[in-house]
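Hello,

I am passing a structure on to you, with a few notes on its pockets and on one pair of helices. Have a look at it first, then read on below.

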Amino acid sequence: LARYRGTVVGSEKLDSKVFQGNLFSQIDSCYAYLIEHTALMSRLSAGIITRDDIPEYGRFSIRELVTNAVCHRDYEDQGGKIIIKMFDDRIEFSNIGGLPRGVTAKNIIHAQYSRNPTITSLLSKVNYIEEMGEGWDKILEEHRQHPLQPEMPEILPGKNSVQVTIFSTKE
């Protein structure tokens with residue numbers, strides 16, 4: 001994971017991390033880092049005593065994208081890795097292996113495939129995922145329901161990789 005000031009890779013790198021350990025530790029540490037380094041905005045509404053906290057990025061979306069990167073990584077390809085880049089206006093999740101077999105950016109809501117069924121089953125048993133192929137649906141719904149109306153996520157499939165981008169609501 002790398003965090004940049006600005007909106008391009010050539011800008012100042014603020015931090016970089018490599019998450020190691022078992023899969024649970026990697027997912028949890030990466031998620032915690034992303035949450036710690038994103039904004040939590042607040043607003044007060046007339047007639048309501050408590051403030052309304054609004055995260056810059058949907059928390060479910062971040063968790064799902066980190067977990068999906070682990071679930072769907074091509075582990076046979078030892079030359080690549082999961083890369084997450086944080087910018088002022090977005091977070092990019094890049095993964096080697098491309099979209100799983102039969103899944104495209106257009107049919108991702110309806111198609112489901114586990115490239116790594118053992119990892120998927122394990123993460124399902126410990127309640128990290130549901131193994132129902134509903135993650136992308138929930139990401140889109142979280143974006144639709146977000147009070148600051150973020151730009152919808154973007155999927156850029158490549159031959160041997162895929163990048164998913166979620167966009168900041170800070171502006």
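**Pockets and a helix pair**

In the largest pocket, α2, β6 (90-96), α4 (135-145) and β8 (161-167) each supply at least two residues of the lining. Please keep in mind that this is a predicted model. Of these elements, α2 gives the most to the lining of the largest pocket, with 9 residues. The pocket has a volume of about 680 Å³, and 37 residues line it, with Glu-64, Asn-68, His-72, Gly-135 and Trp-136 nearest its centre. Sorted by class, that lining holds 19 nonpolar, 11 polar and 7 charged residues.

The second largest pocket comes to about 470 Å³. Its lining counts 22 residues, and those nearest the centre are Leu-1, Phe-19, Lys-81, Ile-82 and Ile-83. Two or more lining residues come from each of β1 (2-4), α1, α2 and β5 (83-86), with the largest share, 4 residues, from α1. Here the classes divide into 15 nonpolar, 3 polar and 4 charged.

Now for the helices themselves. How do the axes of α1 and α2 cross? Helix α1 (residues 23-36) and helix α2 (residues 59-72) have axes that come within 10 Å and cross at roughly 145°, and the crossing is right-handed. On the α1 side, the contact is made by Leu-23, Ile-27, Asp-28, Cys-30, Tyr-31, Leu-34 and Ile-35, while α2 brings Arg-59, Ile-62, Arg-63, Val-66, Thr-67 and Val-70. By class, this contact has 9 nonpolar, 1 polar and 3 charged residues.

Enjoy exploring it!

Best wishes

Definitions and conventions. Residues numbered from 1 in each chain as written. Predicted model: local features only at pLDDT ≥ 70, side-chain atom pairs only at ≥ 80, totals over all residues. Heavy atoms only, no water. Axes fitted to C-alpha atoms, helices over the stretch in contact; angles between N-to-C directions. Left-handed = near helix turned anticlockwise from the far one by under 90°. Contact = heavy atoms within 4.5 Å. Nonpolar A, V, L, I, M, F, W, Y, C, P; charged D, E, K, R; others polar. 1 Å grid on protein atoms, 1.4 Å probe; cavity = no way out; pocket = protein on both sides within 12 Å on 5 of 7 lines; lining within 4 Å. Points joined across faces, edges and corners; volume = space filled by probe spheres on them.
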